[in-house]
Amino acid sequence: MTHLTHCDLAIIGAGPAGMAAALEAAALGLAVAVIDEQPAPGGQIFRAVEAAAADPALTGEYAKDGAALARRFRAMPGIDYRPATTLWHADLDSGTLSLRGPAGTGTLVASRLLLATGAQERPVPIPGWTLPGVLSAGAAQILLKQAGAVPRGRTVLAGQGPLLWLLAVQLARAGAAPALLLETSARGALTAALPGAALWQGRAMLAKGMAMMLEARRAGMKVVRHARHLRALGDGTLRRVTWEGGGADCDTLLLHEGVIPSTHITRAMGLEHDWDAAQLCWRPVLDPWGATSHDLVAVAGDGGGIGGWQAAAATGALAALDTARRLGRIDAAMQEQRAAPHRQALRAALALRPFLDRLYAPTPEMLAPPEDDTVVCRCEEVTAGQVRQAARLGATGPNQAKAYLRTGMGPCQGRMCATTVAALIAETRGMPVEQAGALRPRAPYKPITVGDLATL
C-alpha cells in the first residue's frame, strides 16, 4: 500500500473506536489513515483477535464481535492502515503528525485528528508490587491473547472490576484457574451503588457478569471479599501475598483496580480536561460528537471516558460523522440521521456505567498507599514517603514534584505514577485530588532514539 501524505482524517489507534470511525469515514468517501502501535487491529480489548479468535479460552464477544469488526476493517477500501507505527508528536497549527514506523520516521498532514487511544489500567502501588511475579491483570491478558501464555503455579488475583472476573474465566478455560481472588471493594459498596442503578436497562451486561462469576467459582477459585492492606512478599521473587487478617502462598499475583482514560497525548497537547468524580480520573472535555477544545482534534472511545467496547465503537462512528460534516461531505441533517443508531447503541452501552463506577470505586488506600516505603514511581524508584515529604516541602502537584524527585521523568513518562503522586500530594496537603492537578507531559509522546530524530 502507498501511504498517504495528506488525509482527511487521521485516527490514532485501531481498537473498537478507531476501527468503527475508519469504517464510517471511509464509507462517506473520506481519505482515512489509521496509525496503530500494534502489529494488527483490535486494540487492547480485541488484541490479536485475527490470530487468536479460535482459542477456546477466548470465546464470546472477543471471538465473535471482535473478529467481525476486524474483518470489516480489513475489507473496507480507502483506509490507509499503518500497523506498528507510533505518533510521537503533532503540530496542531498545521495538522502535521510525526510518526515512527517500520520504515523509520515520517510525517502525515491531516485535516482532522481523532485520538482513539483507549484506556490504561489504574496503577496499584502496594508494598512489593515491583517483585518479579507481580503483574497487572491487563498484562496477563495480553500474554494470553498474544502468546497463549498462562501463569505457572499458584495464581492470585487482587483488586476489583469486571476484568478480574473475565480474566479468571479465561485462565480457567486455558487450564490455569486462579486459586484465589482478593476483592478490594469497600464494605457497603454494593448497597451504596444500588440506588438509581439502571439494572433493567443493563440486564444483559449484568447477566454476563454473573455468568462469569459463577464459572470462575465452579473452576475452583476462592474469593475473599473486602481485602485490605495488600502486601506482596518474597526474597527476590514473589512468594506470598498477605492482607489484613490473612495470607496465601502464590507464584503469580495479578493486580487490577479498574481502568482510566489514557490522557497522555491529550494532556501533552494542552487540551482542556475535567476531573471525573465518578471514575476518579481526568478526562478530556468533549462535546457530544467527541470534539475537544481544539478544532483539529477529537477523541473517541475509552480515552474520553470509560464505557466499554460497544460505547467506544459508537463514539468512534459519531466522531467520524462530525468530521464528514466539518469537511463538507454531509450536511447537518444527514449527520443527525446517520448518528441516530449510534446514539441508541451508546445509551444502551452506558446504561450500567454509573452503577459500575460506584460499585468499583477504588478505596483511598489504593489511590494513596499508606505505607511510606511503597514504591510509587518505578522508573526512578521513588517511594510514597518521599512524595509526602516533597509535598510538605512545597510541592503542590505532580508537575512540581518532578523538580524534587524526578517522578514522571522516566521511560513511562508518568503513566504509571502521576495519578498516585497527585493523590499522595492531595492527601498530605489536605486538598482534593483535582486541585493537585495532572502531570503535563511533553512530546515526544513515546521515547524515540537520536537516530530517529536524525533521519528527519
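I took a charge to sit over a ring if NZ of Lys or CZ of Arg is within 6 Å of the ring centre and within 35 degrees of the ring normal. Arg343 likewise has its charged end over a ring, that of Trp289, at 4.4 Å from the centre.

I note the basis of these entries: the model is predicted, local features need pLDDT of at least 70, side-chain atom pairs count only at pLDDT 80 or more, and totals for chains, interfaces and linings use all residues. Residues are numbered from 1 along each chain as its sequence is written, and side-chain values use heavy atoms, with hydrogens and water left out.

**Aromatic pairs**

I counted rings of Phe, Tyr and Trp (its six-membered ring) as paired if their centres lie within 6.5 Å, with planes under 30 degrees apart called stacked, over 60 edge-to-face and the rest tilted. My search of the whole structure gave 4 aromatic pairs. Phe73 and Tyr81 have ring centres 5.2 Å apart and planes at 85°, so I recorded this pair as edge-to-face. For accessibility I used a 1.4 Å probe on protein chains only: buried is under 20% relative accessible area, exposed over 50%, and partly exposed in between. Phe73 is buried at 3%, and Tyr81 is also buried, at 10%. The rings of Trp275 and Trp282 are edge-to-face as well, with centres 5.4 Å apart and planes at 70°. Trp275, at 23% relative accessibility, is partly exposed. I also noted a cluster of Phe46, Tyr62 and Trp309, linked by ring pairs.

Helices (H or I, at least four residues) and strands (E, at least two) are DSSP runs numbered from the N terminus, and two strands pair if DSSP finds at least two bridges between them. Strands E17 (residues 273–276) and E18 (residues 281–284) run antiparallel and are joined by 4 bridges. The two strands form a hairpin with 4 residues between them, and Leu280 in the turn has a positive phi of about 55°. I found His273 bridged to Pro284 in E18.

**The parallel sheet**

For angles, axes are lines fitted to C-alpha atoms (for helices over the stretch in contact), and values run from 0 to 180 degrees between N-to-C directions; contact means heavy atoms within 4.5 Å. I traced an open sheet of 5 strands, in the order E8-E15-E9-E10-E11, with parallel pairing. Strands E8 (134–136) and E11 (222–224) are at the edges, each pairing on one side only. Direction ignored, neighbouring strands of this sheet are turned by 20° against each other on average. Helix H4 (residues 137–147) packs on the sheet, where H4 touches E8 and strand E15 (252–257) and makes about 80° with the direction of E8. Helix H5 (residues 162–173) also packs on the sheet, touching strand E9 (155–160), E10, E11 and E15, and its direction makes about 160° with that of E9.

**Thr323**

Which helix holds Thr323? I located Thr323 in helix H9 (residues 309–326). Thr323 is buried, with a relative accessible area of 1%. Leaving aside neighbours within four places in sequence, I found Thr323 in contact with Asp8, Leu9, Leu30 and Arg112.
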